[in-house]
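Please keep the sequence and the structure in view while reading.

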Amino acid sequence: MRRSMSTLLSILVIACGGGAENSARAVIQNKGSDTLITVAQAWAEAYSAVDAEVAVAVSGGGSGTGISAMINGTVDIANSSRKMTSREMEAARANGNDPVEHLVGHDALAVYVHRDNPVGRLTLDQLARIYGENGTIERWSQLDVQVPGCASDEIVRVSRQNNSGTFAYFREAVLDNEDFKLGSHDMHGSKDVVHLVAQTPCAIGYSGMAYATPEVTMPCVMGTAGDPCVAPSIETALDGSYPISRPLLMYTSGSPAGAVKTYLDWVLGDAGQCIMLELGYTPAMPAECVQ
Amino acid sequence: MTGTAAPLFAGTSLNARDRKIEWLVRALLGLMTALLILPVVIIMALLVVEGGPVISWEFLTTPPVDGMTAGGILPALVGTVWLVVVALIASVPVGVAAAVYLSEYAPDNWLTRAINLAIINLAGVPSIVHALFGVGAFVLFFRFGTSILAASLTLAVMTLPVVIVSTRESLQAVPRAFREACWNMGATRWQTIRRIVLPNALSGILTGIILEVSRTSGETAPIMFTGAAFFLPFLPQGVLDQTMAMSLHLFVITTQVPDAPEALPFGVALVLISMVLAMNALSIAFRVYVRGRKKW
């Protein structure tokens with residue numbers, strides 16, 4: 001008994017001693033968008049080889065999570081796949097934080113269907129009528145499509161949880177800020193959406209283009225019925241011809257300085273932007289990449 | 001029963017029915033027990049079959065690479081150990097002390113009953129609510145930031161009721177005659193507790209701590225906002241650092257990392273479960289040793 005107590009005590013002392021010791025390394029807190037998280041993680045991983053003294057701690061949770069952390073001042077860089085609203089800006093300023101926006105890239109929001117689904121093209125209006133509260137499209141046959149393996153003919157709508165930037169952008173760009181129809185499957189990650197669509201012949205979903213797999217197809221999207229139908233790609237997101245492409249943003253409190261500034265400059269330089277391109281997102285800056 | 005002598009007890013139709021019911025009930029209860037074990041066996045078998053191939057020494061000792069689709073899980077493994085150890089340091093002394101007071105000193109009045117009720121309710125609070133409390137109290141109010149300290153304290157608050165309840169129960173399992181004998185010899189309450197009650201209750205107290213370790217290492221919600229990161233390029237150096245953790249790592253590679261190999265999440269789950277089982281086995285071995293020295 002006595003010996004085990006003293007062992008326990010020495011473990012405590014060692015643990016506390018370890019805790020008191022402070023590292024000289026600078027840590028950049030980076031939090032937010034699930035769309036941007038794979039890129040943010042790849043940047044952090046690559047940056048540890050660039051500057052071993054600076055560590056970038058990445059966490060997700062969604063654009064809303066990043067923005068509230070910015071409002072509360074608990075992050076250095078907040079990732080977001082939507083712009084901060086003026087109310088969020090005010091809340092941050094009330095706490096003494098002054099969010100500054102940095103455009104780091106673009107993401108084409110792809111519409112996903114099962115690979116057996118023959119629907120090759122969709123208009124924004126059709127999407128709004130599938131997903132929107134007042135939409136009347138419930139069945140694939142209403143789009144003149146017969147989906148093999150989907151006997152019920154019913155469109156299974158796959159969507160995102162409501163603090164997701166992808167959710168907010170889709171609502172703004174496709175539904176014109178109308179509410180979503182109830183009864184969609186709200187997934188907690190872009191990968192989940194694609195995964196569910198891949199397994200469900202009746203399904204339709206939306207997520208960043210970078211999450212595409214061979215088991216799903218991405219129909220081209222028309223702005224209005226007469227427009228040319230544009231497939232999501234890095235080029236069409238960059239030249240603006242793809243109708244649902246959104247900015248990927250990083251927010252800092254005030255103008256970046258010190259290690260945060262060096263990191264952001266690296267992110268917007270060739271090295272960072274090429275990582276973005278490699279992962280299937282569209283760079284914000286023209287970058288020279290070795291293919 | 002089936003001896004050569006005439007049966008002492010002739011079966012009637014009435015107790016034949018009783019015997020049939022007896023057999024049925026026994027079979028039913030046995031079946032329920034088997035059902036209880038079945039999920040555990042299936043889960044373990046599935047994890048070993050699906051995740052076994054990715055486990056290697058490198059898997060345990062290297063950080064993840066290539067956008068977390070390859071490499072190992074070292075930072076998450078180390079992070080979980082940090083979180084559990086700091087949570088134990090925070091909750092075990094408080095929990096055991098509170099249980100000793102409630103069991104040995106507290107008078108049976110409305111205040112004590114209210115405290116007991118509070119403990120039971122604390123145990124029933126969903127973990128996500130603890131997470132929000134942790135963000136508000138430790139991350140923002142005490143300004144610990146998102147750190148191991150904030151996450152571990154959140155976990156400690158969450159598991160405190162487990163420690164208190166199990167400790168109090170094992171203290172109360174020590175026969176009252178032991179205490180009375182002690183008091184009659186002129187020992188004070190504290191002398192009695194230290195020399196007689198605590199040593200005899202040690203195995204039960206350990207059970208509570210085992211339960212806490214298991215629950216702490218698997219929880220995801222309380223740590224994801226308070227201290228666990230999606231990715232960190234370094235191992236935590238102190239309690240004010242953020243950390244990766246096994247449970248959150250499992251969640252993110254399943255839901256958010258594109259192109260992660262199918263076997264990877266199973267491998268992470270297998271390591272997590274093995275870690276908990278190993279800690280449990282160690283504590284159980286210690287309990288058996290302590291119980292072997294028990295004098296009653």
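## Basis of the report

Two strands are said to pair if DSSP finds at least two bridges between them. Helices (H or I, at least four residues) and strands (E, at least two) are DSSP runs, numbered from the N terminus.

This is a predicted model, in which local features need pLDDT of at least 70 and side-chain atom pairs count only at pLDDT 80 or more, whereas totals for chains, interfaces and linings use all residues. Residues are numbered from 1 along each chain as its sequence is written, and chains are lettered from A and ligands numbered from 1 in the order in which they are written.

## Chain A as a whole

Chain A has 291 residues, of which 45% count as buried. A residue is buried if 20 or more other C-beta atoms lie within 10 Å of its own, exposed if 12 or fewer, and partly exposed in between, with C-beta atoms placed from the backbone. The chain contains 10 helices and 12 strands, and its C-alpha atoms fill a box of roughly 75 × 55 × 45 Å along the principal axes.

Contacts are counted where the C-beta atoms of two residues, placed from the backbone, lie within 7 Å. Of the contacts in chain A with a separation of 6 or more, 72% are between residues 24 or more positions apart.

## Covered strands of chain A

Strand E11 (residues 245-253) of chain A is largely enclosed by the rest of the structure, because 8 of its 9 residues are buried. Strand E3 (residues 77-80) of chain A runs antiparallel to E11(A) and is joined to it by 4 bridges. Strand E4 (residues 99-114) of chain A also pairs with E11(A) in the antiparallel sense, over 9 bridges. A:Tyr251 of E11(A) takes part in both pairings: A:Ala78 stands opposite A:Tyr251, and A:Tyr251 is the bridge partner of A:Glu101.

In strand E2 (residues 54-59) of chain A, 6 of the 6 residues are buried. In a regular strand the side chains alternate between the two faces of the sheet. Both faces of E2(A) are covered, with A:Val54, A:Val56 and A:Val58 buried on one side and A:Ala55, A:Ala57 and A:Ser59 buried on the other. Strand E1 (residues 26-32) of chain A runs parallel to E2(A), and 6 bridges join the two. Within E2(A), A:Ala57 is the residue opposite A:Gln29.

## Helices and a loop of chain A

Helix H3 (residues 63-72) and helix H4 (residues 86-94) of chain A pack at an angle of about 30 degrees, with their axes 7 Å apart. The axes are lines fitted to C-alpha atoms, for helices over the stretch in contact, and the angles run from 0 to 180 degrees between N-to-C directions. A:Ile67, A:Met70 and A:Ile71 of H3(A) make the contact with A:Glu88, A:Ala91 and A:Ala92 of H4(A). By class, these residues are 5 nonpolar, no polar and 1 charged; Ala, Val, Leu, Ile, Met, Phe, Trp, Tyr, Cys and Pro count as nonpolar, Asp, Glu, Lys and Arg as charged, and the others, Gly among them, as polar.

Helix H6 (residues 165-173) of chain A is mostly covered, with 7 of its 9 residues buried. Among them are A:Phe167, A:Tyr169, A:Phe170 and A:Arg171. A:Asn177 lies in the loop between H6 and strand E7 (185-187) of chain A. A:Asn177 has a positive phi of about 65 degrees although it is not a glycine, and it counts as exposed, with 9 C-beta neighbours inside 10 Å.

## Helix packing in chain B

Helix H4 (residues 110-124) and helix H6 (residues 148-172) of chain B pack at an angle of about 135 degrees, with their axes 8 Å apart. That makes H4(B) oblique to H6(B); angles under 35 degrees count as roughly parallel, over 145 as roughly antiparallel, 65 to 115 as roughly perpendicular and the rest as oblique. B:Ile119, B:Leu122 and B:Ala123 in H4(B) meet residues of H6(B) that include B:Leu160, B:Ile164 and B:Val165. The contact of H4(B) with H6(B) comprises 8 nonpolar, no polar and no charged residues.

B:Ala151 is found in helix H6 of chain B. B:Ala151 is buried, with 33 other C-beta atoms within 10 Å. Not counting residues up to four places away in sequence, B:Ala151 touches B:Leu83, B:Pro222, B:Ile223, B:Thr226, B:Gly227 and B:Ala228. In the loop between H5 and H6 of chain B lies B:Arg143, whose phi is near 60 degrees, a positive value in a residue other than glycine.

## The interface

The contact between the chains takes 25 residues from chain B and 31 residues from chain A. On the side of chain B that touches chain A, the elements giving two or more residues are helix H3 (74-105), helix H5 (127-141) and helix H10 (246-255) of chain B. The residues on this side of chain B divide into 17 nonpolar, 8 polar and no charged.
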